[in-house]
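Please keep the sequence and the model in view while going through the numbered points.

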Amino acid sequence: MKILRIEVANRHGQEEHRITAAAYRLGIDSLRSCSRTNLYFLTSLSSQLPGPAHIEKLCAFLLVDPVTDSARVVSHPPTPRVSGAVQPQAETTNYVIEVALRQGVTDVAARVLERGAAELGIDHLVAATATQYRLTGELSQDDLHRLAQDLLCNDTIERYSLGAIEPLFGHSSVARDHVEQIPLTGLTEEELLDCSRNRLLSLDAEEMREIQSFYDEIGRHPTDVELETLAQTWSEHCVHKTFKADIAFTRRSAGGEAISFDEIQGLLRNYIQAATQKVNRPWVRSAFVDDAGIIEFDDQFDLAFKVETHNHPSALEPFGGANTGIGGVVRDIIAVSARPIACTDVLCFGPQDLPSRELPSGLLHPARVKEGVVAGIGDYGNKLGLPTVNGAVIYDSGYLGNPLVFCGAVGLLPKGSHPTQPQQGDRIVVLGGRTGRDGIHGATFSSAELTQDTHSESGSAVQIGDPITEKGLIELVEAARDKRLYNAITDCGAGGLSSAVGEMGEALGVDIELQDVPLKYPGLTPWEIWLSEAQERMVLAVPPAHLPQLQELADLWEVEIRDLGRFSGDGWLRVHYDGRAVAELPMSFLHDGLPIPQRTAHYREPEPDLPTLQTVLENVHSQPEPRDLLVRMLSHPTIASKERIVRTYDHEVRGGTLVRPFVGPHMDGPSDAAVLKPIGTWDHHRAFALSAGINPLLGKRDSYAMAVSAVDEAFRNAVSVGADPDQIAILDNFCWGNPTFPDRLGALVRACQGCYDAAVTYNTPFISGKDSLYNEFEGQPIPGTLLISALGIVPDMRRTCTSNLKQSGNHIFIVGETCEELGGSLFSQLLQWDGGDPPTMPAEPLMRYRAVHAAMQAGLVRSCHDLSEGGLAVALAEMCLGGRLGAAVDIGAANESHLTHPYVPLFSESNGRLLLEVTPADRATFEDIMSDIPLALIGTVTDSQMISVAIDRQPIFDLSLDEILSAWKGAETA
Amino acid sequence: MAMNLPVLILHATGTNRDAEAARACELAGASPQIVHINQLRRGVRRFSEFGMLVLPGGFSYGDALGAGVRQALDLQVFFHEELTHFIATGKPVLGICNGFQTLVKAGLLPGYADDGESPSAIQQSVSRRDVTLTHNARNCFECRWVHLAVEQGTRAGCLAQLVEPVFCPVAHGEGNFQVSSRDTLERLEKDGLVAFRYVDSDGVPAAGRYPLNPNGSVADIAGICNRAGNVIGLMPHPEDHVDPIQNPLGGSEGLGLSLFRAMIGIASD
């Protein structure tokens, strides 16, 4: 095969400083420079390679920018062919590393090039792309391999070569229709488990036995298609076994005595859904039934909200994992017939400054994980045209082996526009991307722990996304919805077609032909087609009469659609390949055959004799100055500005972002939550708020307190920007370790109990949730982490509030009681103190939030900021820096008499607290509205460019705005 | 009457700020319609039905071969004559962000160097192109609000009615305006082909200072126009500031809506 190779580089040899800097961090300090060249490989399906005129055309129109680029066309392989070193010179040494995608990973640029060539009249062109890195420096072969492996190439999706790389043009393998029979009869428990392990099924002994006896009863062996289908459908990821399990829960005192014993019949039913039923809010449209939770927005529209995690894939391929995380959650929104309108993301990473020698084998460095995840989120969200408006980034050594990536999406749908009942005879239509071997076993893989070998074993479970194909799905489904062309819709997520079609056809049964599935390349066996988790696909139930209209829309929006079969009505799942049955299962066994898992959970109360604040302070050499502590907190990576991350996300697209991630005259102060106004609803003043609550530090101390605090934080953040506390819905996302260990599960039970108690107290429904378990690396679990996301209605977008101080001379009030609650606080982390009482549920929180909201609606609140990590001190500093104004406060006013040490009012993280700015003229009216609420006037906004803190008129410290700014903005790493 | 001016909002696969562009046109008194490029290719809709063309922001075809490159190819291959005619009749064309990148890469901005071009010479003119929009100096996508001043003496005469700097967001990774030589820059300036430059809130030139000039563009150039002044392209998004409530600093100044009013104005004259 003749191949042409076109090398396109920036004429001025643009330096990749990022790579030289990262190499230095890796300990390779001899890399002097690095520049990139884009490589395009061309060949032809006909025997004729494109001639010079065609190549000139391709370069002029598609490949080479005449202002910035230079290009060179060579025949492949280029000569001289050397491995590693090219043109060795006397003084400097030059090397080349070339990186290309692995076979089966979609090369989007190559596909665009092929289509563009066709438009230029160059037919039959086949393309592939690669990237060349030119390196200079005294580098050994070992250095080059390390640079390639640790920086330039991710083995999961890419391959590299020192010197010229061989391009791969699509797949050469032939179609395989092989279906295996897997005998289970007579296998022992150990042999059954071996079978589960070897095929990556993640089924336990009891589940394998259930399958064994089913096939013994019907008298035949399962096919690989059937076994894989059962494993997917019964996976933790798809059915949430742990949240549905019967749990024997024992709570013990610190001394080990049993305090209570409970039989819990499902965490989901018993706590999460129970709270939703108990609060019974009339504006909830759908909770825990559809792919996303839905609440009422206005007379015409509803809002859908869903948050997913994509932790395991992001650990292996950070860009692709986060990329497809956004893609997946956006499809959940499309799957409730809504138009996606916004994204959120919350990220938890290991320490960025970890020395590379301390990095356990088999892991990517946390800095590389962060860089890839952030780029992956931006790439997908930006290209879909969705504003990424709310989030958080948390750094903790507990996330070294398992980073967490929470991706959220919001959608808008006209009331009554989401059909959910497929009809007998409806066609099963798949839309969107083609099916490849990508993402096989994603569902079962995410239900297993990571080990240092996972990287090589589970490569196929990780994918990179194609946001432009997904964009087509958004447009096509919206158009099809408005013409009412389908009776049901779902997305192809974990488990691929097997889950999507299996769930949709649960009541009716389905008949499907796998040979009709559009493939990226030949060579997939039937079970691979059925299980593939290739991205950007949806499934619709379409009445046959509507197919032509759907096809017409699909052609317009350039989305591929294919009719795969029908909803049969006989209650069976029948899968065919080329007319031959490859799976025949009753839907009843698939969906109801899974035995209810039995689990044991233990929870032990914290030790009562943990050191108190007093003993800790007596034992430290010199007590840290409150001022120094505040500076350290502001520069702590979890608190410090995330501007360099957030500005790589488009938060303005769709023109409806009213409260942004950064606020104030310099647009750099932190925001509590986002407020959005959807396009198409500008005829009234309603908008909505998105916020989050998360505190894993507290979770290490007490998971019940973490849950209560996360609900309060999400809630108060939404209230801070103007949401009505009586119209806030929440979502839960649990990320936990292996729940088959009773201690991990015990902490999870306590977190669920906290969720229930808080939701009922705040009168807020859970409308959706998701769990990601088995987040362990080599037996080490992550800190149990609960994210609460809130969606609140903002009744009047003209009455929103931001956190930056507005005007010197105004009063500063604190709402809520400050208690000595330093357990699990940032303060205790800095002092390396594991004692202290964790924050509790505030008294009647809803009353105070209603009062604050009433004051905002009356236009009396000039600024508002919630108190979270770092307490009052951090919140006040953030309000000052956002507004470039000073403040003089006396925290004696907020200080209950028993709070002896100034650390407590400054740094306690008690829930239910907000700082409010009110003008002197509005003070009386404001205090009147707040009359029954714990409230204290603590100080004044000043134009002194300084925070001055006193207790009972005794000055404690001053801190200038410059110092605050450099601590808060300076700490962020690029 | 401006009320009836039909505006074509061009949607190619991957376009995403079309709905906001449509809203801006509507608020400015026109009747926008979002039309898919495939409808134009099939002849179901035609450019000639419209009095103004907007190429909105987004990532056409994923920008997989560089921002706007594939969409520019579509314009050249399928619509060259129609578009040339549209522009020659003086109808306004506005390219925002990805639309601007597309117009530049298709050779429509700042326009073919002299008047002697013929349709058959497209390819030549494409490779003769001496301005471009390339990767931001900081080499990443960036979203932030910027101030834009209308260039004194620009050939886009309709912009003279914009009395104050426009305040609106940028959101792009490839908005760094560059030229092939100092001569090119001098010619652009001398010929009045610069339309907008990045400035601070008082209208003082950014002079390359980040983040006032967010992407490293040469001479702070944020937008340019053609010789006739009816084709205008810019990187920032005036369509995202059409209502004072969108202003992150409060106040009612700097509405991007004024740009839409001005351009719809020339079409309606």
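**Notes on the two-chain model**

1. Arg481(A) and Glu478(A) are both part of helix 16 of chain A, which covers residues 467-482; they stand three residues apart, about one turn of the helix. An α-helix has 3.6 residues a turn, so residues three or four places apart point the same way. The two side chains meet in a salt bridge, with 3.9 Å from N to O. The model under discussion is a predicted one.

2. Glu478(A), at 25%, counts as partly exposed.

3. A second pair within a helix deserves attention. Asp194(A) and Arg197(A) lie in helix 5 of chain A (residues 189-198), three residues apart, which is about one turn of the helix. Their salt bridge has its closest N and O atoms 3.0 Å apart. Asp194(A) is partly exposed, with a relative accessible area of 33%, and Arg197(A) is also partly exposed, at 49%.

4. The next pair joins two loops. Side chains of opposite charge can pair when their charged atoms come close. Glu560(A) and Arg434(A) meet through their side chains in a salt bridge of 2.9 Å, N to O. Glu560(A) sits in the loop between helix 19 (547-556) and strand 19 (561-567) of chain A, while Arg434(A) sits in the loop between strand 15 (427-432) and helix 14 (442-445) of chain A, so the pair ties together parts that are 126 residues apart in sequence. Glu560(A) is partly exposed at 28% relative accessibility, and Arg434(A) is partly exposed at 38%. Over all chains, the structure holds 63 salt bridges.

5. Helix 17 of chain A, residues 496-504, is mostly covered, with eight of its nine residues buried. Among the buried residues are Gly496(A), Leu497(A), Val501(A) and Met504(A). Leu497(A) counts as buried because its relative accessibility is 0%.

6. Which residues does Leu497(A) touch, apart from those up to four places away in sequence? They are Val430(A), Cys492(A), Gly502(A), Val517(A), Ile529(A), Trp530(A), Ser532(A), Arg537(A), Val539(A) and Leu564(A). For a comparison of sequence and space, Leu497(A) and Gly579(A) are 82 residues apart along the chain, and their C-alpha atoms are separated by 18 Å.

7. The largest nonpolar core has 76 residues, and the members that touch the most others are Leu94(B), Phe177(B), Phe196(B) and Ile232(B). When residues up to four places away in sequence are not counted, Leu94(B) touches Met52(B), Leu53(B), Val54(B), Leu55(B), Ile232(B), Leu234(B), Leu259(B), Phe260(B) and Met263(B). A second, separate core of 73 residues includes Val663(A), Ile730(A), Ala747(A) and Cys864(A).

8. The interface between the chains should be read next. In it, 54 residues of chain B are in contact with 49 residues of chain A. The size of an interface is often given as the accessible area lost when the parts come together. Between chain B and chain A the buried area is about 4500 Å², and carbon and sulfur atoms give 62% of it.

9. What polar links cross between chain B and chain A? There are 16 residue pairs in polar contact, with both residues at pLDDT 80 or more. Three salt bridges are found across the interface. The side chains of Arg17(B) and Asp650(A) meet in a salt bridge of 2.8 Å, N to O. On the side of chain B that touches chain A, the elements giving two or more residues include helix 1 (18-27), helix 5 (122-128) and strand 6 (142-150) of chain B. Helix 3 of chain B gives the largest share of that side, seven residues.

10. A last point concerns domains. Chain A is divided into domain 1 (3-162) and domain 2 (803-974). The C-alpha centres of these two domains of chain A lie 54 Å apart.

Methods
Residues are numbered from 1 along each chain as its sequence is written. Chains are lettered from A and ligands numbered from 1 in the order in which they are written. This is a predicted model: local features need pLDDT of at least 70, side-chain atom pairs count only at pLDDT 80 or more; totals for chains, interfaces and linings use all residues. Side-chain values use heavy atoms; hydrogens and water are left out. A nonpolar core is a set of buried Ala, Val, Leu, Ile, Met, Phe, Trp, Tyr and Cys residues joined through side-chain atoms within 4.5 Å. Buried means under 20% relative accessible area, exposed over 50%, partly exposed in between (1.4 Å probe, protein chains only). Contact means heavy atoms within 4.5 Å. Domain bounds come from an automatic or database domain assignment. Buried area is the accessible area (1.4 Å probe) that two parts lose on being put together, summed over both. A salt bridge is a side-chain nitrogen of Lys or Arg within 4 Å of a carboxyl oxygen of Asp or Glu. A polar contact is a pair of N or O atoms within 3.5 Å; within protein, one must be able to donate a hydrogen and the other to accept it, and residues adjacent in sequence count only if both atoms are side-chain atoms. Helices (H or I, at least four residues) and strands (E, at least two) are DSSP runs, numbered from the N terminus.
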